Amino acid sequence: MNGDEELRVSKIKSGTVIDHITGGQALNVLAILDIDGNNGETVSVGMNVPSDRLGRKDIVKVEGRELSQDEVDVLSLIAPAATINIVRDFDVIDKSRVERPERVFGVLDCPNRNCVTTENEPIDTHFEVLDDGVRCAYCETIIRDDIADHIQVE
Ligand code: CTP
Ligand code: ZN
């Protein structure tokens, strides 16, 4: 049902609606999209909105913006049930579920200080995506619960 949620976050004219985000992850989604409010983008956020499918969900609506595949890949790690809705002229013209990639390069930092990727050499990080986390391909350190804390910042 749409009704409940429409009362909380109004429809957008054109842009991207990231729906069915795991409850509590909206601020991490904004971080992945590099949205901190200082670029003038119009953004609406709903947190812990009731959802039939998830119980509670977060939702992020960004006007005038589409997401890159890299951004969607990282999103899938913290919000595996998210749907990406592309909106034009108030209509949803495309809807897709995020898919967890098999591996991600250069988007997460390895927590192991002795890992070759955390030394000063210019080696891109490489993590294999597991069912319940990600594993560094270099040192095999596994990140499970706090993936969002290891997202690389430029
Ligand atoms: N949406 C929006 N602005 C629009 C159109 C849609 O913000 N102009 C939002 C809706 O509020 C909803 C999401 O985009 O959160 C998907 O819209 P829609 O496909 O119409 O809703 P549902 O059928 O409920 O989607 P789903 O089946 O994916 O739950
Ligand atoms: Zn490592």
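Colleague: Let's start with Glu71. Is Glu71 buried or exposed?
Modeller: Glu71 is buried, with a relative accessible area of 16%. Keep in mind that this is a predicted model.

Colleague: What does the side chain of Glu71 meet in a salt bridge?
Modeller: The side chain of Arg65. The N to O distance is 2.9 Å.

Colleague: And Arg65, buried or exposed?
Modeller: Buried. Its relative accessible area is 17%, and the cut-off for buried is under 20%.

Colleague: Which residues are linked with Arg65 in a network of salt bridges?
Modeller: Glu41 and Glu71. The side chains of Arg65 and Glu41 meet at 3.0 Å, N to O.

Colleague: Where do Arg65 and Glu41 sit in the chain?
Modeller: Arg65 is in the loop between S3 and H3. Glu41 is in the loop between H2 and S2. They are 24 residues apart, so the pair links distant parts of the chain. Glu41 is partly exposed, at 28% relative accessible area.

Colleague: Why can such side chains pair at all?
Modeller: Side chains of opposite charge can pair when their charged atoms come close.

Colleague: How many salt bridges does the structure hold?
Modeller: Seven. One of them joins Arg135 and Glu128, where the closest N and O atoms are 3.0 Å apart.

Colleague: What about the largest nonpolar core? Which residues touch the most other members?
Modeller: Leu33 is among them, along with Ile18, Val29, Val60, Leu108, Phe127 and Val134. The core has 34 residues.

Colleague: Which elements give two or more residues to this core?
Modeller: Two helices are on the list: H2 (26-32) and H3 (69-78). The strands are S1 (15-22), S3 (55-63), S4 (83-88), S7 (126-130) and S8 (133-136).

Colleague: Which element gives the most?
Modeller: H3, with five residues.

Colleague: Where does this core lie relative to the domains?
Modeller: Between them. Domain 1 (15-97) and domain 2 (103-150) both give residues to the core, so it lies between the two.

Colleague: Why would nonpolar side chains gather like that?
Modeller: In soluble globular proteins, nonpolar side chains tend to be buried together.

Colleague: What does the second core include?
Modeller: It is a separate core of six residues, including Val9, Ile12, Val49 and Val87.

Colleague: OK, domains. How far apart are the C-alpha centres of domain 1 and domain 2?
Modeller: They lie 24 Å apart. The contact takes six residues from domain 1 and seven residues from domain 2.

Colleague: New topic, the surface. Which residues form a nonpolar patch there?
Modeller: Leu27, Val45 and Met47. Together they have about 270 Å² of accessible area.

Colleague: Where is Val45 found?
Modeller: In strand S2, residues 43-51. Val45 is partly exposed, with a relative accessible area of 34%. Patch residues need over 30%, so Val45 passes that cut-off.

Colleague: Now the backbone. Which phi does Asp34 have, positive or negative?
Modeller: Positive, about 65°, although Asp34 is not a glycine. Asp34 is in the loop between H2 and S2. It is partly exposed, at 48% relative accessible area.

Colleague: And what is the phi of Glu140?
Modeller: Also positive, about 70°, and Glu140 is not a glycine either. Glu140 is found in the loop between S8 and strand S9 (142-143).

Colleague: Is Glu140 buried or exposed?
Modeller: Exposed, with a relative accessible area of 58%. The cut-off for exposed is over 50%.

Colleague: Last one. Where is Asp132?
Modeller: In the loop between S7 and S8. Asp132 is partly exposed, at 43% relative accessible area.

Colleague: How far is Asp132 from His20?
Modeller: They are 112 residues apart in sequence. In space they are 19 Å apart, C-alpha to C-alpha.

Note on methods: Residues are numbered from 1 along each chain as its sequence is written. Chains are lettered from A and ligands numbered from 1 in the order in which they are written. This is a predicted model: local features need pLDDT of at least 70, side-chain atom pairs count only at pLDDT 80 or more; totals for chains, interfaces and linings use all residues. Side-chain values use heavy atoms; hydrogens and water are left out. Patches are made of residues with over 30% relative accessible area and no salt bridge: like charges are joined within 9 Å, nonpolar side chains (Val, Leu, Ile, Met, Phe, Trp, Tyr) within 5 Å. Accessible areas come from the Shrake-Rupley method with a 1.4 Å probe; for residues, only the protein chains shown count as cover. A salt bridge is a side-chain nitrogen of Lys or Arg within 4 Å of a carboxyl oxygen of Asp or Glu. Helices (H or I, at least four residues) and strands (E, at least two) are DSSP runs, numbered from the N terminus. Buried means under 20% relative accessible area, exposed over 50%, partly exposed in between (1.4 Å probe, protein chains only). A nonpolar core is a set of buried Ala, Val, Leu, Ile, Met, Phe, Trp, Tyr and Cys residues joined through side-chain atoms within 4.5 Å. Domain bounds come from an automatic or database domain assignment. Contact means heavy atoms within 4.5 Å.
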